[in-house]
Amino acid sequence: MDKIIKENERRIERFDSKYYLSIKNYSMAAAISALETTNEIQKSYFKWANEKHSVGDNILRLYALLQGLFVSVDSLYSLALSLTKSKSFININNNKDLRQLRYIRNDVVGHPSNRVFDSDTLAYCILDNESITPQTFSYDIYTKDDVIKKEINVIDILKSYYQEANSLLDELYKLAANDKNKTSLEAYISVVVDDYYMNRDYLASFDNFIKEYKKLYPNSKKEQHRVLWRKDLIDKLVNYKAATMEEKNVIFYCIGLELIKIYELVYKSKYKVETFKQTPMYISSLYRFLNKNKSMYSYLDYLDNSNHPLFITSIKALKKEATIKRVNGAVSYLDMILKQYEKNEHDMVYALVLPIKEYKRKK
């Protein structure tokens, strides 16, 4: 761990915070400063391993570590936003350990005595103070129906953070040092989107775009770059075996949404076009259902992340109500999502849910 922490420190120090202060780019300066500060917390945490401390000292260090890591991840996003004008440039949440970090931090430090675990259920998190060691700790989540025991490996979380952070800092430093010309990427992705909407061979032009992208970012990884991550989503959508023409229409529509998201990442602005592809029957059926049942809106708040405890509850609640109202198209669409969730295909779930996230709520 010492080696990887020192590598992180070296990468942070490459960014000249004084320069950003001099040009009044305070967001960059603050993000760099926060990364330096929180890295000191992580370094201090490991000095603890060979020392004996009271239970209170152990709690203090654990609280500092969890909050520090939470701030570190947020600062990486802020750094990316300052350099690229888009937080979507990176995708730290693809890392399982870091994705869980937010939940762990909120359980233990953020809201232990008032956690919303279900739409109508509060949860209460109790840290086992005696369990805290430099390597692990545990806590219990109490609800009216259950007690959930959580065993957390601190070393795994720290290793995941530093591996992701170091790789991201390398990419972000290159962007800071060299203002890359995006003109070629803009041209390539424009052709892709035009081909898609004109029913031409958009996959061939998309392949050309990806080749150009990898030339500009030869060391990029899909875990970090939204462009490559969305490319993987498109590949999975293309390979989806549709059972009906309506399912095929949903898949094709979702591919278009992913292409638009990539276009917006490259241009750093919203895509504007006179006409879009016709909304598939399954999706338009769900939209009409939501228009007429605004009480269902609250369930839409939990669809951003299929790992959220309320994600599957919300999808099932929407399907149940649509079934009762006999909105068959909406039910079929939600069934497509549920089948992928049951297969643990979370990327496909994300891609299929995107049209719901794009839904404009009626006032």
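## A tour of the predicted chain

The model is predicted: local features need pLDDT of at least 70, side-chain atom pairs count only at pLDDT 80 or more, and totals for chains, interfaces and linings use all residues. Residues are numbered from 1 along each chain as its sequence is written, and side-chain values use heavy atoms, leaving out hydrogens and water.

Keep the C-alpha trace. Its atoms fill a box of roughly 65 × 55 × 35 Å along the principal axes.

Switch to cartoon. You will find 15 helices and four strands (DSSP runs: H or I of at least four residues, E of at least two, numbered from the N terminus).

Buried residues make up 48% of the 363; buried means under 20% relative accessible area, with a 1.4 Å probe and protein chains only.

Now draw contacts, meaning heavy atoms within 4.5 Å. Of those between residues at least 6 apart in sequence, 64% join residues at least 24 apart.

Next, select residues 136-142, strand β3, and pick out Asp140 there. Is Asp140 buried or exposed? Asp140 is buried, because its relative accessible area is 16%. Which residues does Asp140 touch, not counting those up to four places away in sequence? Select Tyr124, Cys125 and Ile126, then Val147, Ile148 and Lys149.

Technical notes
Buried < 20%, exposed > 50% of the residue type's maximum accessible area, 1.4 Å probe, protein only.
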